Amino acid sequence: MFKYDIIKKVIDPEFADFLYKYLDLKANAVKWLYDNKVLPATDYMGFIDLPPIKGSNYSHYADFAMETLMMHIMPKLEKKLKRKLVPTYSYVRMYYKGAEMYRHHDRPSCEVSITLNLGGTVWPIYIDPTGKDNVIKEGSAETNTPPVLKKGAHKGIPIKLAQGDCMLYEGAKYEHWRKPLKSGKCGQVFLHYNYADGSYGYQNLYDKRPLPGLRFKITDR
């Protein structure tokens, strides 16, 4: 049974570095625009310090470049899994020193996911391969409250990814998290899919958006 896998150089490290520099430039530019009140915080530019991540980060749902990457990389993932996939959405983050991702499961649109290291500090992601529900109460970044776990919860397997490497995993089934980032910054993009022949099929296509690259869902309009 598939739980998780590491794909080395799922994209060329040079291309990953280009995307990392793009993300770094964008994060700095957006922060400047918000700090100087040139623009209000908006879905289409991304957010600074957005929960559920504890600590400093820049995040963007459905960035155009990352949505393109989601579509571009899908055939390679289908070949690896030997199953057809349905693209749902992308989410990219630049994490800074002190950022932490609390232990959690993902929502149904994240049935199959990859976390791809674009660059920066090598920062392990932990995954619990047991598939058990060990989180009694979810953590809150807004109140700086860590999750409450069951006694004897699996400590997780740390996965270190080099630039251009990814972890392929079933995020809705297996709990995953990151411990606090001790130094520097780290760029990661999450690309999410459903199995075409799975429980959700095509019902979460583009995360219920009309097209990839759009921020809103059909139900929002």
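Which residue forms a salt bridge with Glu175? The partner is Arg103, with the closest N and O atoms 2.7 Å apart. A salt bridge here means a side-chain nitrogen of Lys or Arg within 4 Å of a carboxyl oxygen of Asp or Glu.

This is a predicted model, in which local features need pLDDT of at least 70, side-chain atom pairs count only at pLDDT 80 or more, and totals for chains, interfaces and linings use all residues. Residues are numbered from 1 along each chain as its sequence is written, and side-chain values use heavy atoms, leaving out hydrogens and water.

The whole structure holds 13 salt bridges. Among them are these:

| Pair | N to O distance |
|---|---|
| Lys185 and Asp24 | 2.9 Å |
| Glu175 and Arg103 | 2.7 Å |
| Arg107 and Asp207 | 2.6 Å |

Lys185 lies in strand 13 (residues 185–195) and Asp24 in helix 1 (residues 13–35), so their bridge ties together parts 161 residues apart in sequence. Helices (H or I, at least four residues) and strands (E, at least two) are DSSP runs, numbered from the N terminus. Lys185 is partly exposed at 26% relative accessibility. Asp24 is buried at 17%. Buried means under 20% relative accessible area, exposed over 50%, and partly exposed in between (1.4 Å probe, protein chains only).

Glu175 is buried at 1% relative accessibility. Arg103 is buried too, at 7%.

Arg107 is partly exposed, with a relative accessible area of 34%. Finally, salt bridges with shared partners join Arg103, Asp128 and Glu175 into one network.
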